[in-house]
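Hello,

Please find the structure below.

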Amino acid sequence: MIKARVTVTLKNGVLDPQGKAIEGALDALGFSGVGSVRQGKVFDLEIEGADKAKAESDLNAMCEKLLANTVIEDYTVSVT
């Protein structure tokens, strides 16, 4: 079994209203000095088999087709 983590974040230059809302909420809670908050999403997956190269290739295909909107999001794949 191969374990993998896919991290998806908005590309630089893409507005992040949720990140701005989090930034404002942190300030309201007394955590001043926090800025440039960007939010994203993380997927932890288990893939059958032992071929890490194939798993990484499949994960990239999953990101291109479903997990990430590659027009506005970047992604990274980590296989362990």
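E23 lies in helix α1 (helices are DSSP runs of H or I with at least four residues, strands are runs of E with at least two, and both are numbered from the N terminus). E23 is buried, with a relative accessible area of 17%; buried means under 20%, exposed over 50% and partly exposed in between, with a 1.4 Å probe and protein chains only. Beyond four places in sequence, E23 is in contact with V34, G35, S36 and V37, where contact means heavy atoms within 4.5 Å.

This is a predicted model: local features need pLDDT of at least 70 and side-chain atom pairs pLDDT 80 or more, while totals for chains, interfaces and linings use all residues. Residues are numbered from 1 along each chain as its sequence is written, and side-chain values use heavy atoms, without hydrogens and water.

D16 sits in the loop between β1 (2-10) and α1 (17-28). D16 is buried but has no salt bridge (a side-chain nitrogen of Lys or Arg within 4 Å of a carboxyl oxygen of Asp or Glu). The nearest side chain of opposite charge is R38, 4.3 Å away; Lys and Arg count as positive, Asp and Glu as negative, and His and the chain ends are not counted. R38 is also among the contacts of D16, with L10, V37 and Q39, leaving aside neighbours within four places in sequence.

E73 belongs to strand β3 (residues 73-79) and is buried, with a relative accessible area of 12%. The side chain of E73 reaches the backbone nitrogen of N69 at 2.7 Å.

Regards

Notes: A polar contact is a pair of N or O atoms within 3.5 Å; within protein, one must be able to donate a hydrogen and the other to accept it, and residues adjacent in sequence count only if both atoms are side-chain atoms.
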